[in-house]
Amino acid sequence: MSNFNFLHDDWTEFVDDARTVEKLVRFDPRGACARARYLVEQVVLWMYEHDEDLELPYDTSLYNITNEMAFKKIIGYTVYEKIKAIRKMGNIALHDSKRVTENDALRLCREVFHVMYWLYRTYTTDEQPKPEIDFEPDKIPIVESGRREI
């Protein structure tokens with residue numbers, strides 16, 4: 001069971017990365033945060049490719065493309081703040097020696113869920129109303145290390 005099952009039919013290009021973020025939360029928090037950043041970058045680039053109201057600027061860094069005014073107008077303040085949090089923590093996970101905790105990874109997984117759910121509700125071509133769903137931390141797998149005591 002995954003928090004990201006709603007992506008399965010419409011967003012096959014993102015579902016594996018979203019589920020991987022979820023699987024890494026307890027096993028490899030730093031990896032989960034890095035993967036979350038990668039996923040959000042792919043989502044934002046997808047938006048620039050498919051949304052006619054967005055034009056990709058010359059500087060395609062995640063910081064730059066998420067701070068374009070047209071992008072901010074589309075996503076709104078709440079989703080922007082989630083993307084910003086994912087970008088910042090993902091950068092820490094990738095480029096800083098600061099400790100990345102399971103709580104950091106869980107928070108980012110929740111933020112990824114909200115961004116992906118926004119994408120699902122905003123861009124799906126399915127005319128059916130989308131159900132309200134919530135992030136469920138209990139769906140985050142508990143992974144044992146596999147190490148043996150000697």
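## Helix H2 against helix H5

The crossing of H2 and H5 is left-handed, in what is a predicted model. Helix H2 spans residues 29-50 and helix H5 spans residues 102-123, and the two pack at an angle of about 20° with their axes 9 Å apart. Because angles under 35 degrees count as roughly parallel, H2 is described as roughly parallel to H5.

On the H2 side, the contact is made by Pro29, Ala32, Cys33, Ala36, Leu39, Val40, Val43, Trp46 and Met47, while H5 contributes Glu102, Asp104, Ala105, Leu108, Val112, Met116, Trp118, Leu119 and Tyr123. Divided by class, the residues of this contact are 16 nonpolar and two charged, with no polar residue among them.

## Helix H2 against helix H4

H2 also packs against helix H4 (residues 69-95), where the axes come within 8 Å and cross at roughly 145°. This crossing, too, is left-handed.

The residues of H2 that make the contact with H4 are Arg30, Cys33, Ala34, Ala36, Arg37, Val40, Val44, Met47 and Tyr48, and they meet Phe71, Ile74, Ile75, Ile83, Ile86, Arg87, Met89, Gly90, Asn91, Ile92, Ala93 and Leu94 of H4. The contact of H2 with H4 comprises 16 nonpolar, two polar and three charged residues. Met47 of H2 is listed both in the contact with H5 and in the contact with H4.

## The nonpolar core

The largest nonpolar core holds 48 residues, and those with the most contacts inside it are Phe4, Met47, Met116 and Leu119. At least two residues of this core come from each of helix H1 (12-27), H2, helix H3 (62-66), H4 and H5, and the largest share, 13 residues, is supplied by H5.

## Val115 in helix H5

Val115 is found in helix H5, and its relative accessibility is 2%. Since buried means under 20% relative accessible area, Val115 counts as buried.

Leaving aside neighbours within four places in sequence, Val115 is in contact with Val79, Lys82, Ile83 and Ile86. Val115 and Ile75 are 40 residues apart in sequence, and their C-alpha atoms are 9.3 Å apart in space. Ile75, Ile83 and Ile86 are also among the H4 residues that make the contact with H2.

Key. Residues numbered from 1 in each chain as written. Predicted model: local features only at pLDDT ≥ 70, side-chain atom pairs only at ≥ 80, totals over all residues. Heavy atoms only, no water. Axes fitted to C-alpha atoms, helices over the stretch in contact; angles between N-to-C directions. Helix = DSSP H or I, 4+ residues; strand = E, 2+ residues; numbered from the N terminus. Parallel < 35°, antiparallel > 145°, perpendicular 65-115°, else oblique. Left-handed = near helix turned anticlockwise from the far one by under 90°. Contact = heavy atoms within 4.5 Å. Nonpolar A, V, L, I, M, F, W, Y, C, P; charged D, E, K, R; others polar. Core = buried A, V, L, I, M, F, W, Y, C linked by side-chain atoms within 4.5 Å. Buried < 20%, exposed > 50% of the residue type's maximum accessible area, 1.4 Å probe, protein only.
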